[in-house]
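Subject: A structure for you to look at

Hi there,

Here is the structure I promised to pass on. Please open it and have a look around before you read my notes below.

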Amino acid sequence: MAYLTLQYSENLEKHLQFDKICNSLRSVMLDQQIFPEAGIRIKAYSISSYSIADGDKANAFIDMVLRIGKGRSEEKKLQTGKSLMMELERNVEKLLNTGFLALALEIVEIDSRLSWKTNPIHQRISAIN
């Protein structure tokens with residue numbers, strides 16, 4: 001399982017297409033070959049109330065949190081994080097150059113003893129492949 005959640009400042013909606021960004025990040029996660037396809041989730045949420053740094057209304061953010069099950073090597077986690085950040089930076093390059101956009105990514109490992117799931121998507125995708 002691999003759940004990537006993006007929270008972004010609402011002022012980015014007029015500049016970016018988050019459906020495309022989510023799809024490009026999903027492709028990066030598949031390319032890592034450490035997550036089952038049926039277990040990948042990318043979600044993006046607009047945040048309407050925020051205050052950033054000096055309070056300038058042009059300030060914006062995208063915060064990503066990748067929640068994954070335990071068992072991946074440190075090297076694989078580092079490579080995944082770097083790859084996701086590079087892809088996000090590629091998608092927002094023009095805005096990064098303005099000096100008003102902040103990006104962040106954190107990877108969190110989930111304790112399987114404290115996580116419950118029901119996911120028939122695995123069966124459906126396995127039947128297709």
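First, some ground rules. This is a predicted model, in which local features need pLDDT of at least 70 and side-chain atom pairs count only at pLDDT 80 or more, while totals for chains, interfaces and linings use all residues. Residues are numbered from 1 along each chain as its sequence is written, and side-chain values use heavy atoms, leaving out hydrogens and water.

Let's start with helix α2, residues 74–91. Helices here are DSSP runs of H or I with at least four residues, strands are E runs of at least two, and both are numbered from the N terminus. The buried residues of α2 (buried means under 20% relative accessible area, with a 1.4 Å probe and protein chains only) include Lys 77, Thr 80, Leu 84 and Leu 88. Its buried residues pack against β1 (2–9), α1 (18–31), β3 (60–69) and β4 (101–110).

Zoom in on Thr 80, which sits in α2. Thr 80 counts as buried because its relative accessibility is 1%. Its side chain reaches the backbone oxygen of Lys 76 at 2.8 Å. Beyond its neighbours within four places in sequence, Thr 80 is in contact (heavy atoms within 4.5 Å) with Gln 32, Ile 34, Phe 35 and Leu 66.

Now find Met 29: leaving out residues up to four places away in sequence, Met 29 touches Ala 2, Leu 4, Phe 35, Ile 40, Ile 42, Leu 66 and Leu 84.

Happy exploring!

How values were computed: The expected span of a helix is 1.5 Å times one less than its number of residues. Buried means under 20% relative accessible area, exposed over 50%, partly exposed in between (1.4 Å probe, protein chains only). A polar contact is a pair of N or O atoms within 3.5 Å; within protein, one must be able to donate a hydrogen and the other to accept it, and residues adjacent in sequence count only if both atoms are side-chain atoms.
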